Amino acid sequence: SWADRSPLHEAASQGRLLALRTLLAQVNAATIDGLTPLYNCCRSGSASCMELLLQHGARAHSAHTHYPSALHEACKRGSSKCVKSLLSHGADPGYELSHLGSPLYISCLHRQAACSEILLRTGARVNAGRGSDSPLHAAVRQDCVEQVALLLEFGADVNLRDDNNRKASELAPPGGHVQQLLKTVQDSPRSLCQLCRITIRDVIGPLRLKLLPTLPLPPLLTGYLNH
């Protein structure tokens, strides 16, 4: 609803940094539809305003799962700076909403490969989508080679079936690059190097991946695990 938007909502949506500074007492104010100033920043792509809100106590995502999610909106809009900022302030890369799915699913649905890569590197589960529909299914429907290749690199399961009992390969345009890429993965086993990295990252878990640089590991090994 536009009627109950506060001046803070307006300043955030228009990227007015100075106005925001005087309105931060309402940093988590929400409209009747659950829209927060942080959500408006994601909609407009204003990373500087978002950073200011987060520094002054804005919650990275709403405690109410029926409210709009700032992270999902940033992924939809392709605002990689906003995605990074939210994640650095504690947003969960795997935060799922029943009506939207995971942030990774949304980024695949809207062909936002840069956002997908950020999410995957920070521990988003590569097969978590919306219901039975995986991020790979969404990326294949969009015929986005870059996105499909990225998901496969992080271990996407090509054998998962969607709500209509179809594999991702069955959704690919015939004879296209995406179909060829999926066929190559299906016909060839993943390398031991890739399987080890995927397994180790799964064991470490998303909450601890950011601690990898603090471990006494050779830089080459840290880079391998962060990939």
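A residue counts as buried under 20% relative accessible area, exposed over 50%, and partly exposed in between (1.4 Å probe, protein chains only). By that scale D162 is buried, at 6% relative accessibility.

This is a predicted model, in which local features need pLDDT of at least 70 and side-chain atom pairs count only at pLDDT 80 or more, while totals for chains, interfaces and linings use all residues. Residues are numbered from 1 along each chain as its sequence is written, and side-chain values use heavy atoms, with hydrogens and water left out.

**Salt bridges**

Side chains of opposite charge can pair when their charged atoms come close. Here a salt bridge is a side-chain nitrogen of Lys or Arg within 4 Å of a carboxyl oxygen of Asp or Glu. The whole structure holds nine salt bridges.

| Pair | Closest N to O distance |
|---|---|
| E96 and R125 | 2.6 Å |
| K183 and D187 | 2.8 Å |

Helices are DSSP runs of H or I with at least four residues, strands are E runs of at least two, and both are numbered from the N terminus.

Take E96 and R125, which form a salt bridge. E96 lies in the loop between α6 (80-88) and α7 (103-109), and R125 in the loop between α8 (113-121) and α9 (135-141), so the pair ties together parts 29 residues apart in sequence. E96 is partly exposed, at 36% relative accessible area. R125 is exposed, at 53%.

R141 is partly exposed, with a relative accessible area of 38%, whereas D162 is buried. Both residues belong to a network of salt bridges that links D133, R141, D162 and R166.

K183 and D187 pair within one helix. They are four residues apart in helix α11, so about one helical turn separates them. K183 is exposed at 52% relative accessible area. D187 is exposed as well, at 53%.

**A buried glutamine**

Q147 is found in helix α10. Its relative accessible area is 0%, so Q147 is buried. What does Q147 contact, leaving aside its neighbours within four places in sequence? The partners are S107, C108, R111, Q112, A113, S116 and A139. Contact means heavy atoms within 4.5 Å.
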